[in-house]
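Grab the model and work through these exercises with the viewer open. Try each task before you read its solution.

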Amino acid sequence: MKDKIYIEKLNPDDLPQLQQLYKELLPEGCPLATLKKNFAAVSEKPEYCLAAARREGTLVGTAAGIICTVPDGAFMVVENVVVRKDCQGSGIGRKLLEHLDRFAIENGCIYSLLVSSGFRKEAHKFYENAGYTDDVRGFRKYYR
């Protein structure tokens with residue numbers, strides 16, 4: 001029998017586990033102090049959805065959705081989708097994205113978008129299977 005996966009709101013107690021999870025997404029990782037500062041700044045803002053996937057109380061995946069409102073409507077940006085390597089392929093990522101889809105629809109979004117690094121071919125297949133179909137060109141400008 002598979003363990004039950006719960007999708008809930010990320011909470012401050014999750015941050016040490018989140019730091020470990022982010023090492024699978026970002027090899028350089030993210031300092032815990034940065035996670036704490038940024039979490040405190042955005043966790044209660046209604047335009048943010050910080051989703052946590054849990055199995056037996058352990059954080060096994062996460063994703064963030066941010067609602068952006070512009071004059072012609074609203075859309076959601078999806079960021080930092082990561083599922084623990086040993087849990088990939090078990091439906092956790094799909095559940096996280098479905099959770100974000102509901103958040104977007106509840107907030108009147110016209111569409112959602114995400115950016116994935118070009119080398120993450122397996123992730124691209126997953127996103128396409130999750131309904132992200134438009135292949136658009138994205139650009140990033142880093143400030144640090």
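Contact here means heavy atoms within 4.5 Å. The model is a predicted one, so local features need pLDDT of at least 70 and side-chain atom pairs count only at pLDDT 80 or more, while totals for chains, interfaces and linings use all residues. Residues are numbered from 1 along each chain as its sequence is written, and side-chain values use heavy atoms, with hydrogens and water left out.

**Exercise 1. Get the overall picture: which elements are there, and in what order do they run?**

Solution. Start with the labels: helices (H or I, at least four residues) and strands (E, at least two) are DSSP runs, numbered from the N terminus. By that rule the protein has four helices and five strands. Reading from the N terminus, you get β-α-α-β-β-β-α-β-α.

Next, check the contacts between residues at least 6 apart in sequence: 61% of them join residues at least 24 apart.

Then do the surface. Buried means under 20% relative accessible area, exposed over 50%, and partly exposed in between (1.4 Å probe, protein chains only). Of the 144 residues, 36% count as buried. The accessible surface (Shrake-Rupley method, 1.4 Å probe; for residues, only the protein chains shown count as cover) comes to about 9,600 Å², and 53% of that belongs to carbon and sulfur atoms.

**Exercise 2. Work out how helix 1 and helix 2 cross, and which residues make the contact.**

Solution. Take the axes as lines fitted to C-alpha atoms, for helices over the stretch in contact, with angles from 0 to 180 degrees between N-to-C directions. The axes of helix 1 (residues 15-25) and helix 2 (residues 32-42) come within 10 Å and cross at roughly 115°. Helix 1 brings Leu15, Pro16, Leu18, Gln19 and Tyr22 to the contact, and helix 2 answers with Leu32, Leu35, Lys36 and Phe39.

Now look at burial. In helix 1, Leu15, Leu18, Gln19, Leu21 and Tyr22 are buried. These buried residues pack against helix 2, strand 3 and strand 4.

**Exercise 3. Where do the buried residues of helix 3 fall around its axis?**

Solution. First, the length: helix 3 (residues 92-106) has 15 residues and reaches 21 Å from its first C-alpha to its last, close to the 21 Å expected at 1.5 Å a residue. That expected span is 1.5 Å times one less than the number of residues.

Second, list what's buried: Ile92, Gly93, Leu96, Leu97, Leu100, Phe103 and Ala104. Seen down the axis, the buried residues of helix 3 fall within an arc of 130°, so they line one face of the helix. The arc is that of the directions from the helix axis to the C-beta atoms.

After the helix comes Gly108, with a positive phi near 70°.

**Exercise 4. Compare Glu56 and Asn80: where does each one sit, and is it buried, partly exposed or exposed?**

Solution. Glu56 isn't a glycine, yet its phi is positive, about 50°. Glu56 sits in the loop between strand 2 (48-55) and strand 3 (58-70), and is exposed with a relative accessible area of 65%.

Asn80, also not a glycine, has a positive phi of about 50°. Asn80 lies in strand 4 and counts as partly exposed at 28% relative accessibility.

Finish with Val81, in strand 4 (residues 73-83). Val81 is buried, at 11% relative accessible area. Val81 and Ala64 are 17 residues apart in sequence, but 6.9 Å apart in space, C-alpha to C-alpha.
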